[in-house]
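Here's a protein model to explore together. Have a look at the sequence and the structure, and then we'll walk through a few of its features.

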Amino acid sequence: LEYRATSKDGRMSSVGNIELGFISGGEQHIDDVNSDPCIVAERRDDIEERAIVDEDEDEDETRPLPQADEMEDQEKVEVEQKRSVLNASLEFFKYLYSVCLLVWCVVIIMSAIFSEKTSLARGVHPWFAFFIFWFLIFWLAMMEGGQGCLVGLQPVEPEKYADSHPCTLKNTQIAHNGDNMERFIVGRQFLVVLVFFLINMSASPSLEDGDSILGLGKVTSLIFLDNGVAMMITTVVIGQLTSQVNAAVCMLDFINNYFMLFTTYISLIIEFSGLLHAVYLVQLGFSVITGKPVETNEKPRNTAQMLFFWVRILISTAILCFALAVNLEALFKGQSGMWKGVPPWLSVIIFFLLLGIVGLMDGMQIAAFALVNMSEEELETHKVAFTNCQLMFSGQNLQAFLIGRQLFVACLMFIVARIATISIPDGQDNLFGLPDDFQNFLDTGLLGSVVLTIIGSLAWRIVASSFPVAFMSNPAIYVIIRICLMVESTGICSSSWLLAGFHKPLAGYQNDEVYLQEEEDDGVESMICHEKNT
C-alpha cells in the first residue's frame, strides 16, 4: 500500500511501500518501511486493527455484505412503491366509477319522477314527489348518523358542550334519561324501516307496456329500475354512509339542530305508542331462559305502569299477527309486489328467508362486539364462532364488513319492502273484503314495516345479545361476512367518502376533539387563575 506519513517532529517522510506479511503466532512482519520509529509504530497499530477486523470476519463468514443488504432494502422499497402506486390507481378508479354510478342513479330516479313514471308521481305533482323523496333521504341520513352520535356521547360529560352546542345538550338530556336510549333505538328502527318503505313507494317505477325512461334498453331498465338498483345505491350512499362517516367524528356538530331533536321525539313517541311492544315479550322470554334480569336504569314499575306496559304488549302482538296475516294473504293471492311469474308458495318462502337474513345480519354485529372481550382460550372452544370472529376482526375487515353489511342490508330491506307492499290490480277484491278506505291505509306499507322491524330486526338483536356465542356459531355467518367483504371491495360506495369530505366544510362541522380540547384548556386556565388569586 502506498502511504505518506508524518513523524512526531512534523517532518514529511518520503512516499514508501508497506508489504503486509501473514499474521502468524501473534507476530506481524513489516518489510521495506521507513526507519522512523514513530511511523513504524503507527503502521503497526494500523495492521493490528486490520487483523482484528479480519478475525471478526472469519468468525462470521455467513454475515451478508452491507451492499447486499442495501440492495435488498432498495428492492423492497421499489416493490412497495409499485404496490402503493397500484393501490392508489385502484382506489382512484373506485372513487371515479362510484361517483359516476351515483350520478347516473340519481339522474334515472329524477327522470322517472318528473316523467310521472313512479308510483307516487302518478298520483301527485312531480315536484311534490321530488321534495318527498329528498326529504325522506335527508331524514334517513339524520336518523342513521344521529343514533351513532347519541350512543357515542353517553360517556361525555354534558357540561363540556352545554354552552357551545345547546341543541346537542337537549338531545342527549332526553335520550340519556333513564331507559330512553333503548326506547329511542326501538322507535328509530321502525322509523328507518318505514322510511325505506316510503322511499320505495315514491321512487319505484310504475311503467306500462311500451314506457321507457331516458330511452334505456331492456337490460339497463331491468337492472336499475325494475330491480331498484338505482334507488338502493342512492339511498345507501347519500342517506346512510355519508352521514355515518361525518357523524363518527363530528358527533357534537351533527346533532346540534332541531331536526335531530324532532327525530328523537318522534322515535320516542313511536315506542310509547306500543306498536312495537311485542319485542319486549321476546326480551322477557329470553330473560327467563337465561336467568338474567332485564337491565334497567329506572325504578321498578308500579301497578298502573305494569298494567299499561302489558296492555301495550298484547295490542302490539295482535297488530303483528294481523300484519302477518295481511302479508301472507297478499302473497298467496298474488296481490303483493313480488315479481311476476313467482308462484305464491315460493313467494312466502322468499319473504321469510329474506326476513331471516336481514335479522341475522342485524344480530351478528351485536354478537360479534359482545365477544370482543372474551378470552381467546375460551372462544377457541367454539370453533365456528372463533373462525367467524377471526375473519371479522382481521386487519381492516371490520370496517369493510360494516360498509358491505350496510349496503347488503339496505338492498334486502328494499326487496322485502317491495314484496310486502300490497298491490291490488284493478277489478280485484280487497284483502279480506275490507273497505276501500282501510285498504288504502294498508297500501301505505305500515304493516309491512311492523313485520320487518319486529321479526326481521329487533327480535334477532335480543337473541344475539342474550346468546352471542351460539349466535356466532352459525356457519351461515361466515358466508355472509365473505359476501359483505366482497360487496365492499367492489367500491360501489366509495363515493360516500368524497361526499362526506365535501359536506363536512359546507356544514361547518369540526371534529369533537376541537371542542372538548378547548373546554379542557379553558378549565385548566380557570384553575390556574383561581390558584393565583388564592
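Let's start with a salt bridge: R183 pairs up with E298, and their closest N and O atoms sit 2.9 Å apart. Where do these two partners come from? R183 belongs to helix α5 (residues 180–203), while E298 is in the loop between α10 (278–290) and α11 (303–332), so the pair ties together parts that are 115 residues apart in sequence. In this predicted model, the count of salt bridges comes to 4.

Next up, a pair of helices. At what angle do α15 and α19 pack? Helix α15 (residues 397–420) meets helix α19 (residues 475–489) at about 90°, and their axes are 7 Å apart. Because angles of 65 to 115 degrees count as roughly perpendicular, that's the word for how α15 lies relative to α19. Here's who does the touching:

| Helix | Residues in the contact |
|---|---|
| α15 | N397, A400, F401, I403, G404, R405, L407, F408 |
| α19 | I481, I483, C484, L485, V487, E488 |

Sorted by class, this contact of α15 with α19 has 10 nonpolar, 2 polar and 2 charged residues.

Finally, let's head to the surface. There, V99, V103, W104, V107, L214, L498, F502 and L506 form a nonpolar patch, and together they have about 750 Å² of accessible area. Which elements give two or more residues to the patch? Those are α2 (66–114) and α20 (495–507). Helix α2 gives the most, with 4 residues. V107, one of the patch residues, lies in α2.

Notes
Residues are numbered from 1 along each chain as its sequence is written. This is a predicted model: local features need pLDDT of at least 70, side-chain atom pairs count only at pLDDT 80 or more; totals for chains, interfaces and linings use all residues. Side-chain values use heavy atoms; hydrogens and water are left out. Axes are lines fitted to C-alpha atoms, for helices over the stretch in contact, and angles run from 0 to 180 degrees between N-to-C directions. Angles under 35 degrees count as roughly parallel, over 145 as roughly antiparallel, 65 to 115 as roughly perpendicular and the rest as oblique. Contact means heavy atoms within 4.5 Å. Ala, Val, Leu, Ile, Met, Phe, Trp, Tyr, Cys and Pro count as nonpolar, Asp, Glu, Lys and Arg as charged, and the others, Gly among them, as polar. Patches are made of residues with over 30% relative accessible area and no salt bridge: like charges are joined within 9 Å, nonpolar side chains (Val, Leu, Ile, Met, Phe, Trp, Tyr) within 5 Å. Accessible areas come from the Shrake-Rupley method with a 1.4 Å probe; for residues, only the protein chains shown count as cover. A salt bridge is a side-chain nitrogen of Lys or Arg within 4 Å of a carboxyl oxygen of Asp or Glu.
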